[in-house]
Amino acid sequence: MAKAHRKSSAKISPKKHKLNESQIAVHWKEEESYRPPAKFIGQANLNDPSLVELFSEKNFPECFNHYAELLTWDRYWHTTLDTQDPPFWKWFVGGKLNACFNCVDRHLAKNKNKAALVFVPEPEGESPIVITYQELFKRVNEVAAMLRDFAGLKTGDRVTIHMPMIPELPITMLACARLGVVHSVVFGGFSGEACGLRAADSGSRILIYTDGYHRNGKWVDHKASADIAVSAAKKEGQEIDKVLIWKRYPGRYTSDTPMIMERDFFIDDVLKEYRGQFVEPVSMDSEAPLFLMYTSGTTGKPKGCQHRTGGYLAYVTGTAKYYQDIHPEDVYWCMADIGWITGHSYIVYGPLALAATSVIYEGVPQFPDAGRVWRIAERLDVNIFHTSPTAIRMLRKAGPDEPRKYNYRFKHMTTVGEPIEPEVWKWYYEVVGKGEAVIVDTWWQTETGGFLCTTKPALDAMKPGSAGPGALGIYPIIWDEEGKEVKAGSGSAGNICIRNPWPGIMQTIWGDPHRFAAQYYKKYNKHPHSKDWHDWPYYAADGAVLPADGYYRILGRVDDVINVAGHRLGTKEVESACLTVSEVAEAAVVPAVDEVKGRVPVVYISLKPGVLPKKAILEKVTATIETMIGKIARPKMIHIVPDMPKTRSGKIMRRVLAAISNRMDTGDITTLANPDIVEQIRQLVQGRSVGPLQEGPADIKLFGDER
Ligand code: WTA
């Protein structure tokens with residue numbers, strides 16, 4: 001396969017921006033397009049151009065009624081979009097519905113014996129477990145009864161769920177939705193402390209856990225982090241009344257961590273009281289919050305993105321139907337974790353609202369070998385597959401010929417979470433998809449609920465490395481820092497924004513509406529008192545370029561967020577963790593290019609006066625980051641430097657450090673208070689014999705590493 005040429009065609013002035021993800025993104029030459037296969041087009045949900053016409057701007061916002069009509073409502077809405085309180089949009093106002101009813105009950109008439117969830121345990125010797133819609137209905141009702149009567153949860157209460165990829169996770173989420181209880185799922189890989197902080201922020205009195213799970217051939221004792229979460233929440237002033245614990249193997253407790261009397265309860269024991277119970281789904285206001293999803297932003301504290309019931313469910317159902325092409329007879333497998341937004345929207349709510357069969361895999365893709373994913377696909381006859389560029393890069397590296405050995409057939413494949421390199425896209429298309437499957441490269445965010453840019457799988461050509469045009473009813477635009485439009489074909493990069501509201505957008509940041517308005521709407525708002533949505537474009541904090549063909553190519557974050565293996569990590573969160581280490585005076589975290597994970601965090605620290613650089617400090621910093629955030633934030637490298645490059649006003653110049661870590665030009669450093677430090681750091685990081693600047697991760701040594 002020919003390697004794509006790289007050229008830096010997109011420019012963002014280093015004077016106006018820090019060196020960020022967007023700027024260190026690899027830029028590719030223009031790629032050839034691929035047409036969707038005729039066989040796919042014939043059966044596709046979206047193969048009628050008149051539907052595209054329906055979503056044109058002249059029909060906004062009523063075009064989105066089409067998505068809402070895919071749902072079953074208890075009461076029809078009277079107003080599609082209410083813009084009275086910008087940017088706090090209201091969707092399908094006056095409507096009432098229940099999300100759990102839409103994902104479960106309404107399928108019983110036609111599909112009760114159909115598989116809703118297929119759980120694939122990581123140990124290959126354990127058979128997949130199938131949960132039909134009838135069984136899902138029973139189990140969700142029992143759990144809802146328990147949450148209401150045993151845990152005392154009421155409509156509007158929040159509950160924090162810290163669980164791995166097992167079917168009890170969506171069951172618990174749906175049980176919450178049935179009661180109108182707002183769930184806040186924390187990714188299983190986050191630490192107990194990270195979970196506790198999120199529980200405290202949301203005001204959760206109940207935590208839901210699992211005793212343990214399989215991951216990469218090892219048993220993870222997850223209950224241990226529940227105890228840490230409870231004390232972390234308490235430190236923030238939030239008491240946890242009960243911790244409810246699912247057992248990975250019902251009837252068998254598999255954690256070494258003791259249960260705390262009166263606080264910890266095994267769900268399988270308690271559920272015995274609720275066997276066979278039915279709970280009437282609570283008819284929720286369309287605008288009632290459905291869930292919170294905490295994500296990293298530009299401050300040290302993660303923010304709780306609050307998603308609404310009606311608009312969110314309509315948006316994920318519509319986009320899952322038209323962009324993922326889900327029909328009830330499909331077997332759909334999204335390899336994301338339910339603890340991220342992709343899992344919420346496109347493992348649980350979207351697919352189940354469409355009566356799909358949604359596969360849940362407990363483990364890591366390459367366990368026990370690089371063929372595992374393809375064996376699962378073959379055995380379950382998966383025909384719609386959804387994963388991230390990091391997973392694709394990993395699988396390609398571990399076994400480039402493995403997919404050919406297995407007899408599965410995908411009609412459709414998704415990529416999400418980070419930019420995909422054209423050569424990786426082509427391997428996905430030719431080897432994984434066997435040249436028969438369409439690919440959609442879907443660009444979106446935790447905040448946006450569902451897809452923002454993607455091709456229409458049966459109608460648009462695919463272009464490796466580009467997400468594509470705005471999704472139905474989404475009107476993107478690129479502006480420069482001064483608010484001037486960066487026109488298609490100009491060759492320059494800018495900030496991608498969405499000009500209009502859409503039903504999947506979050507309602508607010510939990511407990512912080514000012515931050516919501518400031519972070520996403522202030523930048524390009526010219527009339528703060530206007531009630532016209534045209535004045536309130538959504539600022540996504542991603543850099544993008546738009547060639548003449550109208551296919552947006554996303555370059556990456558322009559803020560303090562690093563996209564590590566498709567997962568968002570706030571540099572400020574990592575820096576705050578470093579600063580809790582007593583020897584550390586200053587910390588700066590920057591993204592470095594990584595062959596598999598896209599980006600990895602590199603940490604620079606300076607030490608307090610009199611502290612000598614030692615290996616033990618590096619270990620302490622790593623351990624602190626893992627405890628406060630989780631293993632996903634583990635730095636690739638920690639550099640102890642004598643001082644940070646700083647502006648005259650004392651601001652750390654992270655762009656200079658990022659340039660050094662990526663062996664790129666540091667740009668203009670004459671305005672620094674201490675320009676000499678740059679060369680010192682470069683020599684420490686890159687070694688004394690500095691060769692020509694090059695792309696890609698540097699083979700660097702640690703300063704002060706006394707190993
Ligand atoms: C990045 C994940 C390029 C982007 C759904 C965004 C992408 C951040 C793509 C959101 C894509 C997501 N191409 N970049 N197809 N999809 N991103 O909130 O930088 O975890 O801002 O949501 O991931 O990450 P989040």
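This is a predicted model: local features need pLDDT of at least 70, side-chain atom pairs count only at pLDDT 80 or more; totals for chains, interfaces and linings use all residues.

Q: How many salt bridges does the count come to?
A: A salt bridge needs a side-chain nitrogen of Lys or Arg within 4 Å of a carboxyl oxygen of Asp or Glu. By this rule the count comes to 44.

Q: Which residue forms a salt bridge with Asp 105?
A: Its partner is Arg 178. The closest N and O atoms are 2.8 Å apart. Next, look at where the two residues sit. Asp 105 is in the loop between helix H5 (99-103) and helix H6 (108-111), while Arg 178 is in helix H8 (residues 168-179), so the pair ties together parts that are 73 residues apart in sequence.

Q: Are Asp 105 and Arg 178 buried or exposed?
A: Buried means under 20% relative accessible area. Both Asp 105 and Arg 178 are buried.

Q: Where do Glu 619 and Lys 615 lie?
A: Both are in helix H19 (residues 615-628). They are 4 residues apart, about one turn of the helix. Glu 619 is partly exposed, with a relative accessible area of 45%. Lys 615 is also partly exposed, at 33%.

Q: What do the side chains of Arg 404 and Asp 401 form?
A: They meet in a salt bridge, with 3.8 Å from N to O. Check the accessible area of each residue in turn. Arg 404 has a relative accessible area of 56%, so this residue is exposed. Asp 401 has 43%, so this one is partly exposed.

Q: Which residues are linked in a network of salt bridges?
A: Salt bridges can also link up. Glu 124, Asp 369, Arg 372 and Arg 375 form such a network.

Q: Which side chain of opposite charge is nearest to Asp 211?
A: It is Lys 247, 7.1 Å away. Asp 211 is buried yet has no salt bridge. The Asp 211 side chain reaches the backbone nitrogen of Arg 248 at 2.8 Å. Asp 211 itself lies in the loop between strand S8 (206-210) and strand S9 (212-215). Beyond its sequence neighbours up to four places away, Asp 211 touches residues including His 222, Trp 246 and Tyr 253.

Q: Which backbone oxygen does the side chain of Arg 158 reach at 2.7 Å?
A: That is the backbone oxygen of Ser 202. The Arg 158 side chain also reaches the backbone oxygen of Gly 156, at 3.0 Å. Arg 158 lies in strand S6 (residues 158-163). Arg 158 is buried and has no salt bridge. The nearest side chain of opposite charge, Asp 157, is 4.8 Å away. Setting aside neighbours within four places in sequence, the contacts of Arg 158 include Val 182, Leu 292 and Trp 510.

Q: Which residues come nearest to the ligand?
A: Start with the residues around it. There are 17, and Asp 441, Thr 442, Thr 446, Asp 542 and Arg 568 come nearest. Then check the atom pairs. A ligand nitrogen is 2.7 Å from an N or O atom in the side chain of Asp 441. A ligand oxygen is 2.5 Å from an N or O atom in the side chain of Thr 446. For the side chain of Asp 542, a ligand oxygen is 2.5 Å from an N or O atom. Taken alone, the ligand exposes 520 Å², and the protein buries 97% of that.

Q: Which elements each supply at least two residues of the shell around the ligand?
A: They are helix H13 (341-353), strand S20 (438-442) and strand S25 (553-557).

Definitions and conventions: Residues are numbered from 1 along each chain as its sequence is written. Side-chain values use heavy atoms; hydrogens and water are left out. Buried means under 20% relative accessible area, exposed over 50%, partly exposed in between (1.4 Å probe, protein chains only). Lys and Arg count as positive and Asp and Glu as negative; His and the chain ends are not counted. A polar contact is a pair of N or O atoms within 3.5 Å; within protein, one must be able to donate a hydrogen and the other to accept it, and residues adjacent in sequence count only if both atoms are side-chain atoms. Contact means heavy atoms within 4.5 Å. A residue is near a molecule or strand if one of its heavy atoms lies within 4 Å of it. Accessible areas come from the Shrake-Rupley method with a 1.4 Å probe; for residues, only the protein chains shown count as cover.
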